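Subject: A structure for you to explore

Hello! Here is the structure I promised to pass on to you. Have a look at it first, and then read my notes below.

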Amino acid sequence: MTKKEIVKKISEDIGLTQLKTKDIVQRTLDAIIQTLVSEGRIELRNFGVFEVKRRAPRKARNPRTGDKVYVPSKNVVTFKPGKEMEELVRKMDPSKLPLEESDSHADEENNGPVGPVAEPQARSTTD
């Protein structure tokens, strides 16, 4: 769903013009952004919490060349859904959702990557 579709739905629900509704929606989003920039956190009851966090610097690999690259630290926005949203999302029919594409090599039961299991080392009796 796009912002335009949200505006259309809200304007139909409350009987305002799409132009006025678009202005309200945009001002709401701008206020969220400004609060994150100035305070680093905004809590919207029954919706969730947006928070600015610092991602640590790390070493990565360029997938095209294989070269190691340094990725500096940066600020990122995180979102933790509220209890009500989380419960409703969990009840959704998974067959109606698009499958997330990733390079994950998880097994059929989503128990993590499938790979060779290291053999346990025999312990020495002289330890």
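The accessible areas come from the Shrake-Rupley method with a 1.4 Å probe, and for residues only the protein chains shown count as cover. A salt bridge, in turn, is a side-chain nitrogen of Lys or Arg within 4 Å of a carboxyl oxygen of Asp or Glu.

Please keep in mind that this is a predicted model, in which local features need pLDDT of at least 70 and side-chain atom pairs count only at pLDDT 80 or more, while totals for chains, interfaces and linings use all residues. Residues are numbered from 1 along each chain as its sequence is written, and side-chain values use heavy atoms, with hydrogens and water left out.

**The overall layout**

The protein has three helices and five strands. Helices (H or I, at least four residues) and strands (E, at least two) are DSSP runs, numbered from the N terminus. Along the sequence, they follow the pattern α-α-β-β-β-β-β-α. How many of the residues count as buried? Of the 127 residues, the share is 11%. Here buried means under 20% relative accessible area, exposed means over 50%, and partly exposed is in between (1.4 Å probe, protein chains only).

**Helix α1 and what follows**

Helix α1 has 12 residues, and from its first C-alpha to its last it reaches 16 Å. That is close to the 16 Å expected at 1.5 Å a residue; the expected span is 1.5 Å times one less than the number of residues. Just after α1, Gly15 takes a positive phi of about 80°. Thr17 then lies in the loop between α1 and α2, and Thr17 is partly exposed, with a relative accessible area of 44%. The C-alpha atoms of Thr17 and Val7 are separated by 9.3 Å, although these residues are 10 apart along the chain.

**Two surface patches**

Which residues form the positive surface patch? They are Lys3, Lys4, Lys8 and Lys22. The place of a charge is taken as NZ of Lys, CZ of Arg, CG of Asp or CD of Glu. Helix α1 (residues 3-14) gives the largest share of this patch, three residues. Lys22 is found in helix α2 (residues 18-39) and is partly exposed, at 49% relative accessible area.

There is also a nonpolar patch on the surface, formed by Met1, Ile6, Ile10, Ile14, Leu16 and Ile24, with about 560 Å² of accessible area together. Its largest share, three residues, comes from α1 as well. Among its members, Ile6 is found in helix α1 and is partly exposed, with a relative accessible area of 34%. Ile10 is also in helix α1, and at 31% it counts as partly exposed. The C-alpha atoms of Ile10 and Lys22 are separated by 9.2 Å, with the two residues 12 apart along the chain.

**Salt bridges**

A search of the whole structure finds five salt bridges. One of them joins Arg27 to Asp23, with the closest N and O atoms 2.9 Å apart. These two residues are four apart in helix α2, so about one helical turn separates them. Arg27 is exposed, at 57% relative accessibility, whereas Asp23 is partly exposed, at 37%.

Elsewhere, Arg41, Glu43 and Arg45 are linked in a network of salt bridges. Between Glu43 and Arg41 the closest N and O atoms are 3.2 Å apart, and between Arg45 and Glu43 they are 2.7 Å apart. Glu43 is partly exposed at 38%, Arg41 is partly exposed at 37%, and Arg45 is exposed at 68%.

**A last residue to look at**

Asn46 sits in the loop between β1 (41-44) and β2 (48-55). What is the phi of Asn46? It is near 65°, a positive value in a residue other than glycine. Most residues other than glycine have a negative phi. Asn46 is also exposed, with a relative accessible area of 62%.

Enjoy exploring!

Key
Patches are made of residues with over 30% relative accessible area and no salt bridge: like charges are joined within 9 Å, nonpolar side chains (Val, Leu, Ile, Met, Phe, Trp, Tyr) within 5 Å. Lys and Arg count as positive and Asp and Glu as negative; His and the chain ends are not counted.
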